[in-house]
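Hi everyone, thanks for coming. Please have a look at the sequence and the model on the screen, and then I'll walk you through a few places in it.

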Amino acid sequence: LDVTLLRTGVGVSAPAAPQHERGASIISCDDGRRVRAKLVVDASGFNSKLTRRAGSASPGYQIAYGLLAEIDNYPYDDDAMLFMDFRTDYLPAEGTLTTEGRLGAPRTISREEAERFPTFLYAMPMGVCENGRRRVFFEETNLVGRPPMAVDECRARLEARLQHLGITVHSTSEEEKCFIPMGTALPSAHNRILAIGGAAATVHAATGFQLCRGLASSITLARTMATSLDAARADPAAFDASAAAAAAYAALWSKEARLQRDFCVFGGDFLMAQPASSVRGFFTGFFGLADAEWMGFLAGWRGLPHNDAHDVWHRRLMFGVRMWLLVPPAVKLQLALTAVFSGGLVFFRSVLPVLQETTFDEEDAPPTDDLAAALVASGIQPAAEGANVEREVVGARK
């Protein structure tokens, strides 16, 4: 968005800490402008400098490298998308492999590392080119990790995987470097600024999915804001911006929405700690469930398809039990151990009503610079103002 605005001659200003009055907020920009509004919506993403957090939960990060390429020798179905190929047999069973650098600088990788910190392949056929070659989008993704995986590791694994499959890449027309924070702390209910999207922590904590969740949650926020602003027009002197913001957050992150999110946070924390063999076993069980159950987990937001399979505690509990019965014994053990020793209150209150009267963390925490440090760790450098960032995706992409 910044790049688009700069190209059209619209100024982009970084807001300083806002000033709040009873009926309005005032944002001071670094170009000297002061903007006054009854309610301010923050759509600046995970690393917002305006939204305060409730607690200090450490996020996981989804890292991916993708490209759109013209290729020969495509080994998969031309009419279907390949989803989550977690195999590691493209790497030698022992020792290391140094890539030839066809997709970037040469890098030494190993099956041992790929088993410890798994990545998977997406492949999406995009039709046949005029020269007869196939156009396919490939992406190598680390589902969730803490700290973030280096994007160059994903790039090297993709190169090794394509070479192992006998795929010849003739040219590339698009490149993607993806960085998605997941499972960060929720915005504090005491904010006067109304967060939305990544700033509101609506990214799915176990999958990184966000687009539909962001759109669905924006409806909730907009309706609540509209009600407050209608009341302000009817009686301007009675308008209380703090009360309007509190009502919006109560609607966006209701108690049940928080409990459903707790269940997803447990899923993300479990997956980031598992080797490739356990992750493969986990998803064997996951996709063995009824479609509505696993689709509902991937959606995970009010109003989205099949969310009613997860929106109350007993449905989440039955989902967990059925899932546990379907996974291999080793994954059963890891799920049980993670629930007991790592999931703690956050997990158990999501499935046990006796614990749902516990207090959520509402302690205000100031905005942080965690995103910048994580970006550096991943090897994705923040772009300079006006640079071509259209081929980098920072935030939520799905």
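What you see is a predicted model, where local features need pLDDT of at least 70 and side-chain atom pairs count only at pLDDT 80 or more, while totals for chains, interfaces and linings use all residues. Residues are numbered from 1 along each chain as its sequence is written, and side-chain values use heavy atoms, with hydrogens and water left out.

First, the overview. The protein has eleven helices and 15 strands. Those are DSSP runs numbered from the N terminus, with helices being H or I of at least four residues and strands being E of at least two. Of the 398 residues, 46% count as buried. I'll also talk about contact, meaning heavy atoms within 4.5 Å. Among contacts between residues at least 6 apart in sequence, 74% join residues at least 24 apart.

Now to helices α8 and α9. Which two rings tie them together? To follow this, you need the rule for pairs: rings of Phe, Tyr and Trp (its six-membered ring) pair if their centres lie within 6.5 Å, and planes under 30 degrees apart count as stacked, over 60 as edge-to-face and the rest as tilted. The whole structure holds 25 aromatic pairs. One of them joins Phe-283 and Phe-287, stacked with 5.9 Å from centre to centre and 25° between the planes. Phe-283 is buried at 11% relative accessible area, whereas Phe-287 is partly exposed at 30%. The rings that answer my question are Phe-297 and Phe-319: their centres are 5.7 Å apart and their planes are at 5°, so this pair is stacked. Phe-297 belongs to helix α8 and Phe-319 to helix α9, so the pair links parts that are 22 residues apart in sequence. Both Phe-297 and Phe-319 are buried.

A salt bridge here is a side-chain nitrogen of Lys or Arg within 4 Å of a carboxyl oxygen of Asp or Glu. Arg-322 makes one with Glu-293, and their closest N and O atoms are 2.7 Å apart. Since Arg-322 lies in helix α9 and Glu-293 in helix α8, this pair ties together parts that are 29 residues apart in sequence. Arg-322 is partly exposed at 36%, but Glu-293 is buried at 12%.

Let's stay with the loop between α8 and α9 for a moment. Asn-307 sits in that loop, and at 4% relative accessible area Asn-307 is buried. Leaving aside neighbours within four places in sequence, Asn-307 is in contact with Gln-260, Gly-296, Gly-300, Trp-301 and Arg-302. His-306 is found in the loop too, with a positive phi near 65° in a residue other than glycine. His-306 is partly exposed, at 34%.

Back to salt bridges: the count comes to 18. In one of them, Glu-115 and Arg-280 meet at 3.7 Å, N to O. Glu-115 is in helix α2 and Arg-280 in helix α7, so they connect parts that are 165 residues apart in sequence. By contrast, Arg-233 and Asp-230 both lie in helix α4, three residues apart, about one turn of the helix. Their closest N and O atoms are 2.4 Å apart.

My last stop is Arg-53, in strand β5. What is the nearest side chain of opposite charge to Arg-53? Counting Lys and Arg as positive and Asp and Glu as negative, with His and the chain ends not counted, the nearest is Asp-42, at 6.5 Å, and the buried Arg-53 has no salt bridge. The side chain of Arg-53 does reach the backbone oxygen of Phe-46, at 3.1 Å. A polar atom of that Arg-53 side chain also lies 2.9 Å from the backbone oxygen of Ala-199.

That's my tour, and I'm happy to go back to any of these places on the screen.

Methods
Buried means under 20% relative accessible area, exposed over 50%, partly exposed in between (1.4 Å probe, protein chains only). A polar contact is a pair of N or O atoms within 3.5 Å; within protein, one must be able to donate a hydrogen and the other to accept it, and residues adjacent in sequence count only if both atoms are side-chain atoms.
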